[in-house]
Amino acid sequence: MKQFIVDAFTEKIFSGNPAAVCIAEKFPPAEIMLKIAQENNLSETAFVVEDGKIFRLKWFTPAAEIDFCGHATLAAGFVVLTKCKPDLNSVEFETLSGKLTVTKTEKFFEMDFPAYEYKKIPVTDEMKEATGAEILEAYLSRDLLLVLDSAEAVEKLKPNFEKLSALGGLTQAVTAAGEKFDCVSRIFAPKVGINEDPVTGSTHCLIAPYWSKILGKKKIIARQASARGGILRCEVLGARVKIAGSAVLFATAELNEEEF
């Protein structure tokens, strides 16, 4: 089984969000895929199987299989469209979140995702204690979105991960209006064994619709202000969000399946 390590949402290695992409003839047993993800010890390992005109895609963190991952989808699309099927301009993945498409454009790889519906919820003392910040508003969808008063507050945040994991949402995101960008964010996922995710495509299916409504514009350029950092170019189109970004290959390997 060939494996590629791809840095997603960046144009240079050692930045963005790294994901492993395994190209397999068929999916290994779930326990083997989990062990491979644990061995890689990246936030996500993607497994891709070609099935006729579509590709099937699964994502695993070191803790569990998950139903949706943006940066590993970008990484998988990058591998399929540059290494496996370079003659194609787009690839459709069948996933636990339905059909997801990655299209190769002149500059970026563009993904078509479902927009998250979200509801406003009360700001609680637990949220303030977990983040150590003043929170203006809170919204809940698959993920929890906490709005802060400045980009500086987002960048300097030092959360308590144990307390974050007790809050709602699969991930817990903080966001604020940006200066050079429309918005900035940081995203934490201690519930799935990832204290801070470097760049998170899936949670921008919540962040982009929120800022699109606040700013009154469809196109949002978002910066995720982790230590590695990354840029997401988002376009909100009703119930869908297009998220585009760059990707760069860091490494390739051949997994020793005889030892599985």
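**Chatting through the model**

Colleague: Where does histidine 71 lie?

Modeller: Histidine 71 lies in helix α2, residues 70-84. Helices (DSSP runs of H or I, at least four residues) and strands (E, at least two) are numbered from the N terminus. This is a predicted model, where local features need pLDDT of at least 70 and side-chain atom pairs pLDDT 80 or more, while totals for chains, interfaces and linings use all residues. Residues are numbered from 1 along each chain as its sequence is written, and side-chain values use heavy atoms, leaving out hydrogens and water.

Colleague: Is that histidine 71 buried or exposed?

Modeller: Histidine 71 is buried, with a relative accessible area of 1%. Buried means under 20%, exposed over 50%, and partly exposed in between, counting protein chains only. Those areas come from the Shrake-Rupley method with a 1.4 Å probe, and for residues only the protein chains shown count as cover.

Colleague: What is histidine 71 in contact with, beyond its neighbours within four places in sequence?

Modeller: Its contacts (heavy atoms within 4.5 Å) include Ala8, Phe9, Asn17, Pro18 and Ala19. Ser43, Glu44, Asp197, Val199 and Gly201 are also in contact with histidine 71.

Colleague: Switching to charges, how many salt bridges does the structure hold?

Modeller: It holds 14 salt bridges, each a side-chain nitrogen of Lys or Arg within 4 Å of a carboxyl oxygen of Asp or Glu. One of them joins arginine 56 and aspartate 51, at 2.7 Å from N to O. Arginine 56 is partly exposed at 32% relative accessibility, and aspartate 51 is partly exposed too, at 35%.

Colleague: Which residue does lysine 242 form a salt bridge with?

Modeller: With glutamate 110, and the closest N and O atoms are 3.9 Å apart. That pair links distant parts of the chain, 132 residues apart: lysine 242 is in strand β17 (residues 240-245) and glutamate 110 in strand β8 (residues 109-114). Lysine 242 counts as partly exposed at 26%, as does glutamate 110 at 25%.

Colleague: And which residues are linked in a network of salt bridges?

Modeller: Asp67, Arg142 and Asp143 are linked that way. Aspartate 143 is buried, with a relative accessible area of 0%.

Colleague: OK, the surface. What forms the negative patch?

Modeller: Glu25, Glu254, Glu257, Glu258 and Glu259. Patch residues have over 30% relative accessible area and no salt bridge, with like charges joined within 9 Å and nonpolar side chains (Val, Leu, Ile, Met, Phe, Trp, Tyr) within 5 Å. Lys and Arg count as positive, Asp and Glu as negative, and His and the chain ends are left out; a charge is placed at NZ of Lys, CZ of Arg, CG of Asp or CD of Glu. Glutamate 254 lies in strand β18, residues 247-254, and is exposed at 55%.

Colleague: What about a nonpolar patch, which residues make it?

Modeller: Ile13, Phe14 and Phe250 make one of about 320 Å². Phenylalanine 14 is in the loop between β1 (2-8) and β2 (17-24), and is exposed, with a relative accessible area of 60%.

Colleague: Last one: where is lysine 2 placed, and what is in contact with it beyond four places in sequence?

Modeller: Lysine 2 sits in strand β1 and is partly exposed at 39%. Val21, Cys22, Ile23, Ala253 and Glu254 are in contact with lysine 2. The C-alpha atoms of lysine 2 and threonine 131 are separated by 40 Å, and these two residues are 129 apart along the chain.

Technical notes. Buried means under 20% relative accessible area, exposed over 50%, partly exposed in between (1.4 Å probe, protein chains only).
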